[in-house]
Amino acid sequence: ILPYACSPDHHYAMSNVEKEYDASLIGLHYENRTKLVETLRHKGYKVLYEIGLVWDEYRIANNKATIGLNWSSLQDINARTLEMMAMKQVPVINRLPHLQEFGFEEDRHYLGFDNVQEAVEKVEWAIKNPDFANAIATAAHNLVHEKHTYEKRIDKIFEAVGL
């Protein structure tokens, strides 16, 4: 099984982009995602919640937020999970069954949750503990660039077919 990957050419941290949001989630507006965003906004957090942004717009928008939110509807490692890590956002994501198989450790590479309340708690913790949150973002960033780029996926395919 090969999950999605990230592209260092398209998904990267931008030091010249000013932070405007506490968190971002760019993707389909499923009920659980909307409930999470609404709860965070009700508590006074600034959350960018969009759909349809691609390429440069997507990267720039995500770089305006410290925390990257994801709630995978299929319990899979979707592209957003790896892209936010590559952009050095603090990943606050629902616990996914295959993350450990690909080297991701909770509280080292991401902050995991199972429900809205727990997700809000993780966002609040990341905001109140920026040094620890930054260490998580850095560890995730380093891991995806080491093992989870599209180039690494292609290498795996070539290896599997004997090339």
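Predicted model: local features only at pLDDT ≥ 70, side-chain atom pairs only at ≥ 80, totals over all residues.
Local features are reported only at pLDDT of at least 70 and side-chain atom pairs only at pLDDT 80 or more, whereas totals for chains, interfaces and linings use all residues. Residues are numbered from 1 along each chain as its sequence is written, and side-chain values use heavy atoms, with hydrogens and water left out.

The description begins with the nonpolar interior. A nonpolar core is here a set of buried Ala, Val, Leu, Ile, Met, Phe, Trp, Tyr and Cys residues joined through side-chain atoms within 4.5 Å; buried means under 20% relative accessible area, exposed over 50%, and partly exposed in between, for a 1.4 Å probe and protein chains only. The largest such core comprises 23 residues, and L36, L40, V47, I67, L69, V90 and V92 have the most contacts inside it. At least two residues each come from β1 (21-26), α1 (31-42), β2 (47-50), β3 (65-70), β4 (90-94), β5 (111-113), α4 and α5. Helices (H or I, at least four residues) and strands (E, at least two) are DSSP runs, numbered from the N terminus. Helix α4 gives the most to this core, with five residues. A second, separate core has 15 residues, among them I77, I93, A140 and V144. In soluble globular proteins, nonpolar side chains tend to be buried together.

Contact means heavy atoms within 4.5 Å, and, with neighbours within four places in sequence left aside, V92 is in contact with I67, G68, L69, N70, M84, L111, F113, A119, K122 and V123.

Helices α4 (residues 116-128) and α5 (residues 130-147) pack at an angle of about 110 degrees, with their axes 5 Å apart. The axes are lines fitted to C-alpha atoms, for helices over the stretch in contact, and angles run from 0 to 180 degrees between N-to-C directions. Angles under 35 degrees count as roughly parallel, over 145 as roughly antiparallel, 65 to 115 as roughly perpendicular and the rest as oblique; α4 and α5 are therefore roughly perpendicular to each other. On α4 the contact is made by W125, A126, I127 and K128, and on α5 by P130, F132, A133 and I136.

I77, a member of the second core, lies in the loop between β3 and α3 (79-86). I77 is buried, with a relative accessible area of 7%. Residues up to four places away in sequence not counted, I77 touches P3, Y4, L82, L96, H98, L99 and F102.

H148 is placed in the loop between α5 and α6 (150-160) and is buried, with a relative accessible area of 3%. Its side chain makes a polar contact with the side chain of R153 at 2.8 Å. A polar contact is a pair of N or O atoms within 3.5 Å; within protein, one must be able to donate a hydrogen and the other to accept it, and residues adjacent in sequence count only if both atoms are side-chain atoms. Neighbours within four places in sequence aside, H148 is in contact with A5, C6, L82, F102, F104, L143 and R153.

In helix α2 (residues 55-63), Y58, R59, A61, N62 and N63 are buried. The buried residues of α2 pack against β1, β2, β3 and α3.

Finally, backbone torsions deserve mention. Most residues other than glycine have a negative phi. K88, in the loop between α3 and β4, has a positive phi near 65 degrees and is partly exposed, with a relative accessible area of 34%. D107, in the loop between β4 and β5, has a positive phi of about 70 degrees although it is not a glycine.
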